[in-house]
Amino acid sequence: LDPTVTLVQDNPCLTELIASVLALPEPSPSILSFTLRLAGILAASETRFQHLQQEQLLLRLFGRDGPLNSALWEDASVRSGWVAGVHSMVHHQPALRFLCNGGGIDVIFTLQGDPSLFVASAASQLLVHMLTFSVESETTKPLSTTDRDWPACAQMIIKHIEDSLQSSSASHIEQSLKLLTGLFDSCRAMWTKVLWLRIAKQIKSFLTEETVQAQHMLANLLLKMAWSPVFSDTEGSFWALVTSALEHLTPVQAGPLAVGVLRLYKCPQDVRMQALTVLLQPMDCILRAASQPLEYAGLLDESVSDPATVESLLSSKSSCASLLCQTLAHLEQLLSLIHLHVDLPYASLLRSLMAILQFCNGFLSPASPLGSTISRILINCLRVQKSALDVLAALSEREGCDALIGSLFDVLLAYLESPNTSPTVLKKAFQATSKWLVRLQGLSCSNSQQQQTEKILEDVFLVLQKRLCSPSWEVRDSSLEFLTVLIKCLRDQDEFRQSLLSSEVPRLTENLLEDPESYVRASAVTAVGHLAFVTYFAPESPVIGSQYNKENTVAKLQEILSTDSEGFPRRAVINIFTKWLRQGCTGQLEDTEQFVSRVIQIVEHDLDWEVRLGGLELVEVFCSKTICQLGHPKCPYAPVLSTVASSIHQNESLQIFCRAKLFGFLFRSLCDCDKPLGQRACDILLCLKSNFYPFGNMEDSQGIEDSPPGPSIAWLQRTLRQGSLAQNFPTEGGNGVDFQDPESMMLALGTVGLEDLHDELNRCSDHVEKSPQSLLGDILATVGTVEENEADCY
């Protein structure tokens, strides 16, 4: 006996609920939908199914006498509940027979064409599940293409598929193709190949019959099959069908199939080359339309389909941009792969991209009537510009384009300089430029190459100066982000540093710390923080009077942290300070201690929890660096010290942490109403405890065992147990807790139950929110306000 049947037997309220809903003359559609789903879940067990059958409930819910023939069936939520209930129920043979013998399967066939897309999709998925379950639970020997070998339910579904594929109804054909796509996507069993042999001829005919409008679905079907080892390992017929599809589908329909085939590991090389040709045809057409006669060879030696088809699409205003955007998206997808199974013609591809970008900004004089038409269509087309720039950025990581870098930067600089470039396109142009500048710096530098690099950098910084003064805040923001990326990637290159420091960019960037737009101020903070690695923190800083400038910059950033009314700039400041500290740029230990102390005192009162969290990250980095610098044996980079030396360094680091006022911030953060802060603070305190009590007990530290917890530490323990409810956490010295006293803090670390606090803070709230009591509370809360809360309750 299935022990889960007691769920129904011991809780008669469940069957009473279902019966009471069925007894209502006009139940609410949402309540009926819920009941159908509940009944399906309960009937998933065979013994519970039999119990509900004896009560005559399933027939009244899912049979002909149920909501199928009532006015409630017009409501999509009822149909959705019916399908979901059946899907949950069909996990054993009695449920399958109940549906097939009671006419339920015909209802599912009808629901494939439901006006609600959610119901139609669920019905298709249900048929896939039923077919798979029927075959895999009822067959014991390999199947053949004849009907008598297949289980009864599977025969009904397969006959429905075959009849639909042979019908003259486009919607019926589409429904069966969707069903087959779902089947081949989810099931990789050998019997799917036998099923395919029954329908392959009909599917193949769809590629050549102009009267059938299902071609757009064939690409996805074939792609799902290609990913299945059942078909990808076969020779001949299946790949011949893929080849036929690549030839007969339109370029828009064939594109997704082509890129999917190119991503496959197991695929015949001739099919892969044909897929690549399909993908490159629009780019080839662009290159030929843009080039002077015979100036460049095209991308392709031959075409898969008639080139006139692609030319026609690119000559049409309604299809040109869509085809190019799809092609460019597929190319970007391919270029993002680490291992490509084909060799792309990168140089010709780059020429084609530059031609597209020049068509879009009107900087290219067309060399053919087709080029003139394409140019008129693409002028100022933002989505094509953005897609082309994305591919251009991805192409920077591929070899074979170095000879074209000069021409490429001419195109990019034209976009960066043009007042007609929209802010969104400019952002993409900045991203592509930064990638290619990194590539440029990586080339072997002859004198001529070095002069070219210096000239390009000079032009880039001239453009950047103008853009930093733009009236558009989006442009100023993108310009600052671009500068930050350049500094991150190129700050060690002499040509870059010289070009940067000889421009007005550093001064203009500092001016933007006072920008009226908070996003720009935040980006300016980040840019200034990274500029410091070039101006102040470089081994030999080229800036005269850098000490004054450094102090001035730090003071400005601290002022922003203290006074800026928006959270974004303050978050940026604390992130930059942490980055400086992590890279050892804040001076000697004494200077760092004062710096950290000042920052903490500002941050701990900030109303933005992310700023306070950034302060904890700063503290964590400071503690780690201090312990390492003083040679604590727990630090992997420090020499092993004697016990006496270790104790001296322990005391020294503890005193530093107390002087920097770390402990007050950490213990108060344990009671922060924002849980991530409490979790981070607890992690840091546990790490400190493991350093000061390396063996996990207080007796290991001399003198501490002679100082039992006093009233102040006991008060601290009680307060921390209250967590975020402890609203009146003391200021320094309140209730006798001295957070700057090393002995008290050593005692607090050893006494306070940090491990228990850690478990409590990291405990997920699901044990409350997902409990039956919580769910019942939610349901009861909707009583009397059903209309307002119907969606939440459902």
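Which side chain does D564 meet in a salt bridge? The views below come from a predicted model, and the first one has the answer.

**View 1. D564 and R521 pair up through their side chains.** R521 is the partner, with 2.7 Å from N to O. D564 sits in the loop between α30 (546–563) and α31 (567–582) while R521 belongs to helix α29 (residues 518–535), so the pair ties together parts 43 residues apart in sequence. D564 is buried at 12% relative accessible area, and R521 is buried too, at 10%.

**View 2. R571 and D608 make a salt bridge at 3.0 Å, N to O.** Here R571 comes from helix α31 and D608 from the loop between α32 (589–603) and α33 (609–629), so parts 37 residues apart in sequence get tied together. R571 is partly exposed at 23%, whereas D608 counts as buried at 11%.

**View 3. E755 meets K689 in a salt bridge at 3.3 Å, N to O.** E755 lies in helix α39 (residues 754–762) and K689 in helix α36 (residues 675–692), so this pair links parts 66 residues apart in sequence. K689 is buried, at 13%, but E755 is partly exposed, at 40%.

**View 4. F663 sits in the largest nonpolar core, a set of 256 residues.** W82 and F663 have the most contacts inside this core. Domain 1 (250–400) and domain 2 (580–634 + 643–695 + 712–720 + 735–776) both contribute residues, so the core lies between them. Among the residues F663 touches are L654, F657, F739 and M745.

**View 5. W473, Y519 and F568 form a nonpolar surface patch.** Together they have about 270 Å² of accessible area. W473, in helix α26 (residues 473–490), is partly exposed at 31%.

Conventions: Residues numbered from 1 in each chain as written. Predicted model: local features only at pLDDT ≥ 70, side-chain atom pairs only at ≥ 80, totals over all residues. Heavy atoms only, no water. Core = buried A, V, L, I, M, F, W, Y, C linked by side-chain atoms within 4.5 Å. Buried < 20%, exposed > 50% of the residue type's maximum accessible area, 1.4 Å probe, protein only. Domains from an automatic or database assignment. Contact = heavy atoms within 4.5 Å. Patch = residues over 30% accessible without salt bridge, like charges linked within 9 Å, V, L, I, M, F, W, Y side chains within 5 Å. Areas by Shrake-Rupley, 256 points an atom, 1.4 Å probe, with all protein chains shown as cover. Salt bridge = Lys/Arg side-chain N within 4 Å of Asp/Glu carboxyl O. Helix = DSSP H or I, 4+ residues; strand = E, 2+ residues; numbered from the N terminus. Lists of a residue's contacts leave out its neighbours within four places in sequence.
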